[in-house]
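Colleague: I have a model open and want to learn to read its packing. Can we go through it together?

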Amino acid sequence: MRTLVESNNVSFAYQNSTEPALQDISLRIRPGECVLFCGRSGCGKTTFSRLLNGLAPMFYPGELTGSCTVSDLLAGSAAIEQYVPLVGSVFQNPKTQYFNVDTTAELAFPCENSGMPPTAIRQRVQEVVAQFHLEALMDRSVFKISGGEKQRVAFAAACMLGPKLLVLDEPTSNLDAGAIRQLHDMIAAMKQVGMTIVLAEHRLAWVQDVVDRYFFFEAGQLTAVWTAADFAALPETTLQNAGLRARDLTACREKLRQKTTMQCTGVPILEVQNLTLGYHRRNLIRALPDMSFAAGEIVGLMGHNGIGKSTLAKTLCGLMEPLGGQILWEGKTANARTRLHKSFLVMQDVNYQLFSDSVREEILLGAAHPKLVDTVMQALGLNGLADRHPMSLSGGQKQRVVVAAAMLSDKPLILLDEPTSGLDRGNMEQVGRLLQQLKTQGKTIVVITHDEELAADWCDRIIALQD
């Protein structure tokens with residue numbers, strides 16, 4: 001049968017790494033197929049996707065053996081610019097692929113870079129904006145849109161040249177349920193017109209009806225390939241043992257509905273009253289509801305992309321001042337300095353928070369309880385990475401490093417912005433268990449998340465922000 005992607009006995013080790021990221025991978029993907037790479041965080045999904053778009057070993061140097069071809073392009077031999085019209089890519093962190101500071105120019109850039117005439121570029125931008133319903137995001141600064149909105153723009157930019165293959169690395173990691181439904185419909189439409197789609201993804205429930213085959217990676221090896229029917233028939237225990245997420249979120253959503261309330265039931269330690277927040281007075285989050293938080297509770301903060309969850313987190317921890325209203329700590333007005341002293345924020349993009357030359361040093365920065373570092377690293381699956389440079393880790397591993405640093409701090413308020421973005425089931429549950437440990441210590445934990453499994457199973461209460 002015809003193949004678009006063919007891999008024969010591929011192994012790959014990153015430069016200066018003692019362990020191979022991929023070992024003896026052989027697979028074939030047919031034109032028009034939608035396939036999903038699944039497996040635990042750090043299992044090799046992202047590395048293999050980099051062979052498909054030419055980034056490895058050209059941009060990510062390392063030793064490659066075997067052969068991996070996309071159409072007629074051979075990884076390691078073809079120039080990276082040859083992949084541009086053939087393969088569209090959306091990375092786990094979409095900001096790493098931006099070239100412009102406004103959204104419209106970002107969409108136009110692939111066409112400009114390919115030498116299309118201005119009239120054709122404008123027409124193509126209009127077509128893609130209409131196809132993906134991005135009208136409200138056009139002519140916006142990329143610095144003033146949410147993480148999920150950045151991902152939607154990056155997705156549209158990847159489709160501007162009409163590639164044969166679309167490679168998506170954790171495309172739903174920062175998307176709300178509505179945006180995920182939109183992404184699902186876009187993928188279904190592209191599959192219908194014959195585009196080949198490769199997804200490297202932990203969330204499984206949203207995409208089951210469009211995936212043809214599942215490739216399961218484990219420790220750099222391809223250990224199982226399932227058809228859609230075979231995957232649907234797998235027992236739930238098999239998914240759990242493999243570190244895979246749930247296929248059905250119906251029960252999770254019912255739990256979330258029952259847990260939703262703005263006010264804590266105990267004595268509040270942190271209160272938000274009549275708050276107005278934003279970056280400038282033309283872009284306000286108006287009439288934010290009053291809310292309260294008690295010591296020793298885990299509160300999930302949910303809502304659609306761009307509603308203001310991350311802005312609220314930055315305001316609560318003192319990185320921003322509110323434009324109106326007040327924030328109280330133990331009944332007294334808390335200024336930015338007070339809030340900074342009492343809080344630890346794990347950012348959505350943890351690359352902003354990695355400073356040290358090793359994982360252990362990074363976790364120990366600001367640690368109030370350094371003797372517990374080995375315990376926390378073991379619990380988060382980081383014990384074998386102590387001497388690695390943090391920037392050499394996968395996205396999920398970086399996230400766990402910063403979460404570990406938060407666990408060792410002595411701050412009474414811990415805010416986590418999408419802490420399970422890019423994490424498999426096992427690591428998500430590990431984060432949940434550590435949140436419970438913080439709860440027993442009397443910490444106030446606020447978790448900004450689109451992860452319905454985390455929120456339903458590990459949060460005590462949900463605050464749902466709405467327009």
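Colleague: In which sense do strand β11 and strand β15 pair, and over how many bridges?

Modeller: First, the ground rules. This is a predicted model, where local features need pLDDT of at least 70, side-chain atom pairs count only at pLDDT 80 or more, and totals for chains, interfaces and linings use all residues. Residues are numbered from 1 along each chain as its sequence is written, and side-chain values use heavy atoms, leaving out hydrogens and water. Strands are DSSP runs of E, at least two residues, and helices are runs of H or I, at least four, numbered from the N terminus. Two strands pair if DSSP finds at least two bridges between them. Here β11 (residues 268–278) and β15 (residues 324–329) are antiparallel, with five bridges. Val272 has Ile327 in β15 as its bridge partner.

Colleague: Which residue in the turn between β15 and β16 has a positive phi?

Modeller: Glu330, at about 50 degrees. β15 and β16 form a hairpin with two residues between them. Two bridges join β15 to β16 (residues 332–333), running antiparallel. Trp329 has Lys332 in β16 as its bridge partner.

Colleague: At what angle do the axes of α4 and α5 cross?

Modeller: Axes are lines fitted to C-alpha atoms, for helices over the stretch in contact, and angles run from 0 to 180 degrees between N-to-C directions. The axes of α4 (residues 103–113) and α5 (residues 118–132) cross at roughly 125 degrees and come within 9 Å.

Colleague: Which residues of α4 and α5 meet?

Modeller: Contact means heavy atoms within 4.5 Å. Thr104, Leu107, Ala108, Cys111 and Glu112 in α4 meet Ile121, Arg124, Val125 and Val129 in α5.
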